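Subject: Structure handover

Hello,

Here is the structure I promised to pass on. Please open it alongside this note. My findings follow below.

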Amino acid sequence: MKLASELTAGFWHSRPAALEAVLARLEALSLQPLFTVQRQVGLSRALRPYLEEGGRSPLAPLPQEVELANLYLYADFYPEDGQLSLVEQLRDVVTEHIPDEERRWLDPIKHSSMDLVEVVKEEAAAEAENRVDVTLRSLGDGARFFVEADPSLRQVPVGQVLLTRLIRPPDSPHDAAGVLAGCALVLSPDDGRALYEEAQEYRRSLEAQSGAFGMGEWTEFTKRYGHVLMWNYAQARFDALVEAVTDIQYLAPGGGPFLYALALYDHHEFAFLREGIGELKGFALEPSEAMGGPTEPDAARRLTWTYRTPTVVARLTLTPIQLVVECDSAERLEDTKHVLASTFGYALRFRKESPTPPVRQIGEEELAKADRLEVVVTPEEETALLRGFLESVYADWADTASPALGGQTPRHAAGNPATRAKVGDLIRQLELDDLARRRTGTPGFDYDRLRSHVGLSETSA
């Protein structure tokens, strides 16, 4: 199964009506104003791997992961501000009438914990009862649960491992009876065993840190640290995603590779670079991409070379003051940079690079495909990528030595009456050659900001 895919990684399971009602009460209690902060703390702990990138995670938690995090909040999380846990509040603080058939579930919920359980066997109950039971065995302590299975659980093959929460139903005549608490995440036997071993390693590290070699039984450990199982599952999903996108192909909206890997160089050797790039193996000169017409005296000197296989996978654009490199992968960008460095040496002054593709939460349909993953980059994503790149390029431009200014910084040159106009011309040239405008038709940077930085008056583009 693809852990990265939302189509294959989890399922929902029916719950008894009384249990459903109690969980709804716990959810409502968790949303009370006095518990708002602690709710955020608890859910953030369970879902921590997805939140560490500040909302920029390439994967969103599965709906089943969110539900397991909610169950962790209800049953396992002890507030950091001294409040009782949610299930204790509902059980011990009498604020409303709770029917007995619901109240009987409170202690079983309180004593439940996250677990990794293997599907051992499926067997039909007595014909008159018209149901199918599935036997689940905990990887941690071997405890068995006999669960009345709905169609979703029956579809899970014997040998698969579930990350879930099992609750012992109240007043059950069968000591090993269990209820699946609404959902489960499915792992292969190898992945399930790997998650179990990682949890045990975490447990041993806690014992070593505390000096107390004996964290209690497996159920005691998972009651306190069941969220670690969720962390390990999330990490497995991230690892699966990395494997899935190793050969990912980013495509432009009109088809063909999307050139997301970027690098920019400053120079003041146009004729030398034009001759040298023309001799680079694999690169062919394209017609000039001048945009402004005859009123731009340097437009005819903007030259572009492309590398095709047969579609364009790399592009070099030479302007009077810059060389822009665009490639379809970080690896190709790195190779091209090495070629440029070995060919032109100090004639090129490296400024910035951006080898990272657009940030994208990969959708379930894309991950479910068996063949090579292809992602079409939207115009909005392209605009955001180019703007971010140009922002990084020009963040320190005013105080960085420029070859076009004889090695002076733009700020210093603008302060000299003899070179002040030259700085204005330089900014105008940057504006005309804006990478985003060439690719999308819309400038990716406000060049009046550069004028402001060096003390020049603003000029409309």
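One point before the details: this is a predicted model.

The sheet

Start with the open sheet of six strands. Its strand order is E9-E10-E11-E12-E8-E13, and the pairing is antiparallel. Strand E9 (283-286) and strand E13 (349-354) stand at the edges. Each has a single partner strand, so one side of each is left without a neighbour in the sheet. From one strand to the next, the twist averages 20°.

Look next at one pair inside this sheet. Strand E11 covers residues 312-318, and strand E12 covers residues 322-327. They pair in the antiparallel sense over five bridges. For Thr 317, the bridge partner is Val 324 in E12.

Thr 309 and Pro 310 are joined by a cis peptide bond, with omega at about 0°. Pro 310 sits in the loop between strand E10 (303-308) and E11.

The salt bridges

Side chains of opposite charge can pair when their charged atoms come close. How many salt bridges does a search of the whole structure find? The count is 29. Here are some of them.

Arg 351 pairs with Asp 266, with the closest N and O atoms 3.0 Å apart.

Asp 399 and Arg 411 form another salt bridge. Their closest N and O atoms are 2.7 Å apart. Asp 399 lies in the loop between helix H14 (379-394) and helix H15 (410-414). Arg 411 is in helix H15 itself, so the pair links parts that are 12 residues apart in sequence. Arg 411 counts as partly exposed, at 39% relative accessibility.

Finally, go to Arg 15 and Glu 20. Their side chains meet in a salt bridge, at 2.9 Å from N to O. Glu 20 has a relative accessible area of 37%, so Glu 20 is partly exposed.

Best wishes

How values were computed:
Residues are numbered from 1 along each chain as its sequence is written. This is a predicted model: local features need pLDDT of at least 70, side-chain atom pairs count only at pLDDT 80 or more; totals for chains, interfaces and linings use all residues. Side-chain values use heavy atoms; hydrogens and water are left out. Two strands pair if DSSP finds at least two bridges between them. Helices (H or I, at least four residues) and strands (E, at least two) are DSSP runs, numbered from the N terminus. Axes are lines fitted to C-alpha atoms, for helices over the stretch in contact, and angles run from 0 to 180 degrees between N-to-C directions. A salt bridge is a side-chain nitrogen of Lys or Arg within 4 Å of a carboxyl oxygen of Asp or Glu. Buried means under 20% relative accessible area, exposed over 50%, partly exposed in between (1.4 Å probe, protein chains only).
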